[in-house]
Amino acid sequence: MAAGETQLYAKVFNKLRGRSVPSLLEPLLGMGFPAHTALKALAATGRKTVEEASDWLHSHCNDPSLDDPIPQEYALFLCPTGSLLEKLQEFWRESKRQCAKNRAHEVFPHITLCDFFTCEDQKVECLYEALKRAGDRVLGTFPAAVPLVLHSSISYLGFFVSDGPADIIREFAVMFASEASSLADCTVKPCTKQLHLTLAHKFYPHHQRTLEQLARAIPPGHSCQWTAALYSRDMRFVHYQTLRVLYQYNPQNVDELMLSPGDHIFVDPTQQEEASEGWVIGTSQRTGCRGFLPENYTERVSECDTWVKHRTYTFSLAADLSSRKDGEASGRRNGEPHPPPTSWSVCSLQSLQVTRPLDVKATAARKSILVVRHGERLDQIFGKSWLQQCSTLDGRYYRPDLNFPRSLPRRSCGIKDFENDPPLSSCGIFQSRMAGEALLDSGISVTCVFTSPALRCVQTAKHILEELKLEKKIKIRVEPGIFEWTKWEAGKNTPTLMTLEELKEANFNVSMDYRPAFPLASLLPAESYQDFVHRCAVSMGQIVGACPQDAGVTLIVGHGSALDSCTRPLLQLPPRDCADFAQLVRKVPSLGMCFCEENKEEGKWELVNPPVKMLTHGSNSGFNWRSWTQGN
């Protein structure tokens with residue numbers, strides 16, 4: 001660390017030590033931590049206790065950015081409490097359940113008082129003083145009730161604050177900005193425009209009426225104590241996706257992250273080229289380390305779940321002012337008025353499904369479509385170098401692990417064509433057969449089968465049909481139009497896929513007469529998201545038209561993306577936001593399913609519960625007995 005910075009922190013320490021209130025910094029310095037990292041730990045934990053800061057420093061001992069002078073970003077929000085907060089939380093839950101997630105769900109209910117700004121770690125306590133001074137100045141004039149007026153437009157729904165009370169609240173925000181500038185040398189931009197509490201933002205237009213009905217159930221005159229809350233966030237990860245760890249994971253390789261339930265991981269969706277399917281590269285908030293992690297061990301949450309609450313100032317004329325402490329500290333991170341822990345993850349596909357149990361007789365009398373993701377693929381388990389692990393120098397296949405299949409089908413250009421068109425693993429074959437067996441037991445009647453041209457999809461369809469005892473009765477129709485989004489495929493060219501002739505020679509019962517909506521040659525590399533969803537929508541139109549029966553189940557075997565891109569056209573829903581789509585698709589496991597039924601009475605398709613349950617299982621890492629015995 002530079003000598004000038006060391007002298008600066010020494011001056012800060014001497015200033016803090018001279019105060020009457022015991023400093024949190026001194027015990028950390030006594031433990032041997034450098035001043036600049038101790039102050040960083042205090043800022044990152046909300047300057048609550050020495051123990052929290054010490055734990056943070058120990059957890060970040062391998063953090064490559066520990067010595068970097070990167071400050072936190074801070075923002076001030078006016079948050080409701082009490083019965084109004086409860087009603088708002090109820091609206092949050094119901095709007096998400098009935099109308100799916102929108103931008104408002106990303107943050108707890110609040111009125112923004114200032115934009116995010118930076119503050120040096122050694123000056124954070126000055127922000128607390130700025131909050132107290134600004135609050136004390138307006139406490140006597142702060143409105144006993146804050147009138148809220150509902151406002152609705154095609155993409156926004158929320159409460160506007162009436163002019164009189166809004167002027168006082170804006171005055172408080174301006175005072176805080178002025179005090180923060182004077183005491184902490186921060187540049188704070190207070191909110192001077194229309195003050196509002198957002199209920200829904202950037203939702204689908206056809207949800208507007210439902211959202212308005214839910215909003216009218218919130219009495220805007222509910223009694224409420226309003227609290228000004230100072231939050232901070234890590235400015236490096238503002239535009240990242242945030243994941244929360246669900247299960248313990250011990251790394252198998254040096255470039256993987258250790259995961260503990262409750263950890264938060266920051267993921268940059270634009271930097272995932274090196275990650276294999278089912279894996280992502282992320283940075284742990286708990287340790288600051290970066291590495292690979294299995295994505296199905298996590299769920300997506302909101303960025304605000306990682307924000308740290310520093311201090312609050314509650315506006316209450318009935319409060320005993322003498323008992324008010326210096327910006328009364330909250331002993332909890334993201335405690336009230338932050339909503340109770342809630343899953344803010346992207347609306348799962350299952351949450352769209354009707355909860356009534358499947359009526360097999362009713363299903364048999366309706367036209368239905370079952371969209372299934374393929375089984376486990378080899379590169380998902382053995383990485384991008386899987387082909388090198390199972391091929392000899394002269395290009396012959398051998399089985400280095402029992403999860404490799406016994407053999408591979410013959411391809412015109414040899415084994416190298418499998419590199420970007422991998423087959424199912426042995427477990428993938430097992431998964432497919434289990435699903436087929438369960439479908440047979442459910443009693444549903446499969447009448448048509450369509451698959452993506454990817455080998456893993458055709459194999460999955462074949463094994464399902466074999467368990468249904470239909471492998472000779474139903475031909476597999478290969479539809480390139482439901483192939484994976486080509487932007488996600490490795491390389492600058494679309495992968496070399498097996499031709500119908502090669503599939504037939506490999507004993508796949510494929511239809512040679514079916515004319516697809518999109519021939520193989522029409523697939524373009526690195527297509528846009530709009531082109532991809534259009535391709536899937538057109539293909540679904542042809543698939544529905546190709547099976548004119550009034551009853552029976554059409555089976556579509558595709559990729560994780562198909563569960564969304566092939567069902568939304570049926571449901572007459574617009575495409576998802578591209579970033580939400582990418583995150584949602586990553587959560588679809590092997591043999592994940594979505595089931596659509598045609599409701600002729602109402603002239604629409606509906607998502608209902610799939611006819612079979614999900615197959616869930618754990619991982620089984622590689623094992624070398626020789627290395628194991630030598631290591632022990």
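Trainee: What makes A100 count as buried?

Mentor: Its relative accessible area is 15%, and the cut-off for buried is under 20%, so A100 is buried. Keep in mind that we're looking at a predicted model.

Trainee: And where does A100 sit?

Mentor: A100 is in the loop between α5 and β2. Its backbone is worth a look too: phi is positive, about 70°, although A100 is not a glycine.

Trainee: A526 has a positive phi as well, about 50°, and isn't a glycine either. Is A526 buried or exposed, and how do you know?

Mentor: A526 has 57% relative accessibility. Exposed means over 50%, so A526 counts as exposed. You'll find A526 in the loop between α14 (500-505) and α15 (529-546).

Trainee: On to the rings. How many aromatic pairs does a search of the whole structure find?

Mentor: The search finds 29. Take F108 and W307: their ring centres are 6.0 Å apart and their planes stand at 90°.

Trainee: Why is that pair called edge-to-face?

Mentor: Check the distance, then the angle. Rings pair if their centres lie within 6.5 Å, and planes over 60 degrees apart count as edge-to-face. At 6.0 Å and 90°, F108 and W307 meet both conditions, so the pair is edge-to-face.

Trainee: What makes this pair a tie between parts apart in sequence?

Mentor: Look at the two loops. F108 lies in the one between α5 (82-99) and β2 (111-112), and W307 in the one between β12 and β13 (308-315), so the contact ties together parts that are 199 residues apart in sequence.

Trainee: How do you know that the charged end of R233 sits over the ring of F116?

Mentor: It lies 3.5 Å from the ring centre. The distance limit is 6 Å, with a further condition of 35 degrees from the ring normal. R233 is listed as sitting over F116, and R311 likewise sits over the ring of Y128, 4.1 Å from its centre.

Trainee: Now the helices. How do the directions of α5 and α8 relate, and what makes you say that?

Mentor: The axes of α5 and helix α8 (residues 208-215) come within 10 Å and cross at roughly 160°. Angles over 145 degrees count as roughly antiparallel, and therefore α5 and α8 are roughly antiparallel to each other. The crossing of α5 past α8 is right-handed.

Trainee: And why are α3 and α4 called roughly perpendicular?

Mentor: Helix α3 (residues 35-44) and helix α4 (residues 50-59) pack at about 115°, with axes 8 Å apart. The perpendicular range runs from 65 to 115 degrees, so α3 and α4 are put down as roughly perpendicular. Their crossing is right-handed.

Trainee: What makes β9 covered on both faces?

Mentor: H264 and F266 on one side and I265 and V267 on the other are all buried. Strand β9 (residues 264-267) is also joined to strand β10 (residues 279-284) by three antiparallel bridges; V267 faces G282, and F266 faces T283.

Trainee: Last one: which strands stand at the edges of the six-stranded sheet, and why?

Mentor: That open sheet runs β16-β15-β17-β14-β18-β19, with mixed pairing. β16 (476-478) and β19 (604-608) have a single partner strand each, so they stand at the edges. The twist averages 25° from one strand to the next. Inside the order, strand β15 (residues 446-451) and strand β17 (residues 552-558) pair in the parallel sense over five bridges, with V446 opposite V553.

Terms used:
Residues numbered from 1 in each chain as written. Predicted model: local features only at pLDDT ≥ 70, side-chain atom pairs only at ≥ 80, totals over all residues. Heavy atoms only, no water. Phe/Tyr/Trp six-rings, centres within 6.5 Å; stacked < 30°, edge-to-face > 60°. Helix = DSSP H or I, 4+ residues; strand = E, 2+ residues; numbered from the N terminus. Pairing = 2+ DSSP bridges. Axes fitted to C-alpha atoms, helices over the stretch in contact; angles between N-to-C directions. Parallel < 35°, antiparallel > 145°, perpendicular 65-115°, else oblique. Left-handed = near helix turned anticlockwise from the far one by under 90°. Buried < 20%, exposed > 50% of the residue type's maximum accessible area, 1.4 Å probe, protein only.
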